[in-house]
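Take a look at the model below. We will go through a ligand site and then a helix pair.

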Amino acid sequence: MTDTMIRTSALTKRFTVKKETVEAVRGLDLRVTRGEMVALLGPNGAGKSTTLRMLTTLLPPTSGEAEVAGFDVVTRQREVRARIGYIGQGNGAGHSQRGRDELVSQGRAYGLSVADARTRAQELIDSLDLGAVADRVVSSLSGGQRRRLDIAMGLIHAPELLFLDEPSTGLDPQNRANLQEHVVRMHAEHGTTIVLTTHYLDEADALADRVIVIDHGKLIADDTPERLKADHAGDRITLTFDSEDELRRAEGHTLGIAAVHNGLTLTLRAAGGRHLVPKLMRGFDEAGVQVSAVEVARPTLDDVFLALTGRSLREENQA
Amino acid sequence: MIHDTTIVFSRELRPVLRDPFSVIFTMVQPLFFLVLFSPLLPEETGLQWFVPGMIVMSCLFGAGSTGGNLLFEMQTGSHERMLVSPLRRPALIVGRALKEIVPTMVHSVLIIAITIPFGFRPHAGAVLGLLMLAIMCVGLGALSYSLALASKNKEWIFWAVQQTISFPLLLLAGMLLPIEGGPAWLQFLSKLNPLSYLVNAERELFNGEVLTANVGLGLLAAVGVAALGLWVGTRQMRQAVA
Ligand SMILES: Nc1ncnc2c1ncn2[C@@H]1O[C@H](COP(=O)(O)OP(=O)(O)O)[C@@H](O)[C@H]1O
Ligand SMILES: [Mg+2]
């Protein structure tokens, strides 16, 4: 048994559409060990799905190599497929089928006997709260129910490695939280290695042991959320003033820390924000500058992304 | 491979079994022709001539449009899910194509049952005719799935090509009107259409002529289309990427 679940080297995917070449993934070097929960974080179009599709044998890489669960994704596709679970961006269950039927046929596809597939389907129906809808046609299910059914489909064979592509996109906050709970539980109870993609910062932060930030097909950071925040972004101190005039005078007293000016607020970024604020306030006091509000925020992964790329992931996603 | 094909086959069949009436709703097209067109036929043709053609037509439209289901599954994501599963790729198309036999047989039996009260008299050779039809619909189904795979996410391409091909095949096979009286070029085109041979064979089988050259040609056409469809489909499915 190897401890490396995923190893890629210089993994690259280029698409050519009407003579235009898109470099979806450029030279990705990844390593994921058994039992990790890793999030690929990046804006839309960063290359997250393409990476997952190469790792799950759905797309042949243009160049580079990838080994998943100990097997090459190009030359040993069947071995890879038998060992992984994949929950794609769409719905795994056919819309004209019934949920339970799909679970059973999925179990059969992974080599379970009919009886075992039925038992396993029932277990998953129970643990994912699908009892009320499992015998209905999939197209009549709500988005959240369908997503839970997708998760059940991906887990039918209790894979040692599970890929989830944007598991909670399009769900309302309550369903998202519910789904994240399931993922956490699965990880904790079965030690499943999980690789998920997301463009939700809080999701990556809450779920992942390790966050791999991808932008324009390139890996730009790879660490625990805590380390990323500590290394790439300090605390954010937001100062609000009553007038432009006060603000302008305050700009001269920021202890040499660069301040970003926006409306009536100044934003400073620095490590140890809580200790800095009293010093700042003393300086303003001595200069006779009135501050109407002060806020110190711990850095978020968005701050990390901003520090790394100069762009805000939150705004990218809204665009 | 047989194991995998069985899984795909039964998965495809399940919605039909759960809701058998859905099969009947998909056969309105030949019914319209039976009700609204066959009364216009000249005396000497009649139902004995017309019904075998209608049975082939129901296979052409039923199996021919089945790729639409796959296309839908390509869009929703369940096709991708099956591509990642350890199911052998050829099974994904063979199982699907084999499933076409079921609705085609149900349609055929219904068409026969409906027309008997109106004077249609199928000969026992019809059983052989249905067998031949089953082979053809596997081929047409596989071709339809291949077309779906080739259209990728452009649904309109699938429907445009499917419609553009189906109608000439229907008319040139002489399903609606005899080809024999037509101009030479039309007769020539008809000879290029594998369905023409099947229609001729079905007519003879349903009317009790079993060991004829036309029946042999029909069988050859059905087997040929099935072989071609499965070959193309298997190739396509092996290369399918998400
Ligand atoms: N099948 C494809 N053909 C052409 N371009 C593609 C294809 N799939 C993805 N792309 C392009 O590759 C880039 C990365 O896409 P994707 O991996 O889906 O990003 P993400 O999942 O991070 O949003 C995008 O520019 C996208 O348009
Ligand atoms: Mg994506």
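**Ligand 1 and its shell**

The side chain of A:Ser49 places an N or O atom 2.8 Å from an oxygen atom of ligand 1. Bear in mind that this model is predicted. The protein buries 67% of the 560 Å² that ligand 1 exposes when taken alone.

Backbone atoms also take part. A backbone N or O atom of A:Lys48 lies 2.8 Å from an oxygen atom of ligand 1. For A:Gly47, a backbone N or O atom lies 3.0 Å from an oxygen atom of the ligand.

Now widen the view to the whole shell. Residues A:Pro43, A:Asn44, A:Gly45, A:Ala46, A:Gly47, A:Lys48, A:Ser49 and A:Thr50 are among those around ligand 1. The list also includes A:Phe15, A:Val17, A:Val22 and A:Ala24. By class, the shell has 6 nonpolar, 5 polar and 1 charged residues.

Which elements of chain A each supply at least two residues of this shell? They are strand S1 (4-17), strand S2 (20-33) and helix H1 (48-55). H1(A) gives the most, with 3 residues.

**A helix pair in chain B**

Turn to chain B. Helix H5 (residues 67-76) packs against helix H10 (residues 155-172) there. Their axes are 11 Å apart, and the angle is about 175°. Angles over 145 degrees count as roughly antiparallel. H5(B) and H10(B) are therefore roughly antiparallel to each other.

Which residues meet in this contact? H5(B) brings B:Gly67, B:Gly68, B:Leu71 and B:Gln75. H10(B) brings B:Glu155, B:Phe158 and B:Trp159. The residues of this contact divide into 3 nonpolar, 3 polar and 1 charged.

Key: Residues are numbered from 1 along each chain as its sequence is written. Chains are lettered from A and ligands numbered from 1 in the order in which they are written. This is a predicted model: local features need pLDDT of at least 70, side-chain atom pairs count only at pLDDT 80 or more; totals for chains, interfaces and linings use all residues. Side-chain values use heavy atoms; hydrogens and water are left out. A residue is near a molecule or strand if one of its heavy atoms lies within 4 Å of it. A polar contact is a pair of N or O atoms within 3.5 Å; within protein, one must be able to donate a hydrogen and the other to accept it, and residues adjacent in sequence count only if both atoms are side-chain atoms. Accessible areas come from the Shrake-Rupley method with a 1.4 Å probe; for residues, only the protein chains shown count as cover. Helices (H or I, at least four residues) and strands (E, at least two) are DSSP runs, numbered from the N terminus. Ala, Val, Leu, Ile, Met, Phe, Trp, Tyr, Cys and Pro count as nonpolar, Asp, Glu, Lys and Arg as charged, and the others, Gly among them, as polar. Axes are lines fitted to C-alpha atoms, for helices over the stretch in contact, and angles run from 0 to 180 degrees between N-to-C directions. Angles under 35 degrees count as roughly parallel, over 145 as roughly antiparallel, 65 to 115 as roughly perpendicular and the rest as oblique. Contact means heavy atoms within 4.5 Å.
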